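Open the model in your viewer and keep the sequence panel beside it. The stops below say what to select and what is there.

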Amino acid sequence: MKFLWRWLWRSVLILAAVVVLYQAWIFAHIWWWVDHNPATSAFMNTRLAEMQEKNPDAELRHKWVPYNRISPHLKRALIASEDAKFVDHEGFDWEGIQKAYEKNLKKGKIVAGGSTISQQLAKNLFLSSKKVFWRKGEEALITLMLEKMMSKRRIFEIYLNVIEWGNGVFGAEAAARHYYKTSAANLGPEQAAKLAAMVPNPRYYDKNRNARGLARKTAIILARMPAAEVP
């Protein structure tokens, strides 16, 4: 029995050490990305691996562009669509989370998420798409690190450059080229609103660009854009 307790105690210590080292690894990456641009993300790596299973020569479409070379219309559209309180909260929109919970409860299934831009970035940068029991807790911890170590503008700049916008399409510049044959800097209000409307289900909308409801969502975002506050 004494040997068993000793083994359990050592196992707990080893597990704790692994967890601490993993958090330190994440912390170091975030610290580096305060003033260096991430070349890729966990989600981009996952999507590339999935694509290359079907086609070994598949590549992602992605090009980093600085914040001042992204259309202000796209910035307002994403704030209006994804996180209206982005500049004010500290990583979590508790009112939005409550509303999403109530909506999901009423529908009997998950139809709303309530995740902020900071939470979405945390998930995209570090976490896989697999639903495991610890993922939400890890996402929350990474979100806190991002909010404490980066400015809102920097969080938003990285978000604009790494989110998925289609099948193998990542970031604002690649999305603008893919859908409109223009640069991220030259996107107009309607184009920006439609791109923002695609974010919740980008691969579907990439294949179904005239999907039912997309025009309605675009119009709603377009109407909200003038009130959106960007960092």
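The tour goes from the whole chain to the sheet, then to the core and a pair of helices.

This is a predicted model, in which local features need pLDDT of at least 70 and side-chain atom pairs count only at pLDDT 80 or more, while totals for chains, interfaces and linings use all residues. Residues are numbered from 1 along each chain as its sequence is written, and side-chain values use heavy atoms, with hydrogens and water left out.

**Whole chain.** Show the cartoon: there are 11 helices and three strands. Both are DSSP runs numbered from the N terminus, helices being H or I with at least four residues and strands E with at least two. Colour by burial next; 43% of the 231 residues count as buried (under 20% relative accessible area; exposed is over 50% and partly exposed in between, with a 1.4 Å probe and protein chains only).

**Sheet.** Select the three strands, which form an open sheet in the order β1-β3-β2 with mixed pairing. Strands β1 (61-62) and β2 (164-166) are at the edges with a single partner strand each, so one side of each has no neighbour in the sheet. Strands count as paired if DSSP finds at least two bridges between them. Now pick β1 and β3 (residues 169-170): they run parallel and two bridges join them. H62 has F170 in β3 as its bridge partner.

**Core.** Select L74, L78, L146, F156 and W165, the residues that touch the most other members of the largest nonpolar core, which has 55 residues. Such a core is a set of buried Ala, Val, Leu, Ile, Met, Phe, Trp, Tyr and Cys residues joined through side-chain atoms within 4.5 Å. Centre on W165: beyond its neighbours within four places in sequence, its contacts include L74, L78, Y179, L195 and P202 (contact means heavy atoms within 4.5 Å).

**Helices α8 and α9.** Select α8 (172-180) and α9 (189-198). What is the angle at which α8 and α9 pack? The angle is about 110°, and their axes are 11 Å apart. Axes are lines fitted to C-alpha atoms, for helices over the stretch in contact, and angles run from 0 to 180 degrees between N-to-C directions. Where they touch, A175, Y179 and Y180 in α8 meet Q191, K194, L195 and M198 in α9.

**Loop.** Finish at K181, in the loop between these two helices. Its phi is near 55°, a positive value in a residue other than glycine. Most residues other than glycine have a negative phi. Is K181 buried or exposed? K181 counts as exposed because its relative accessibility is 70%.
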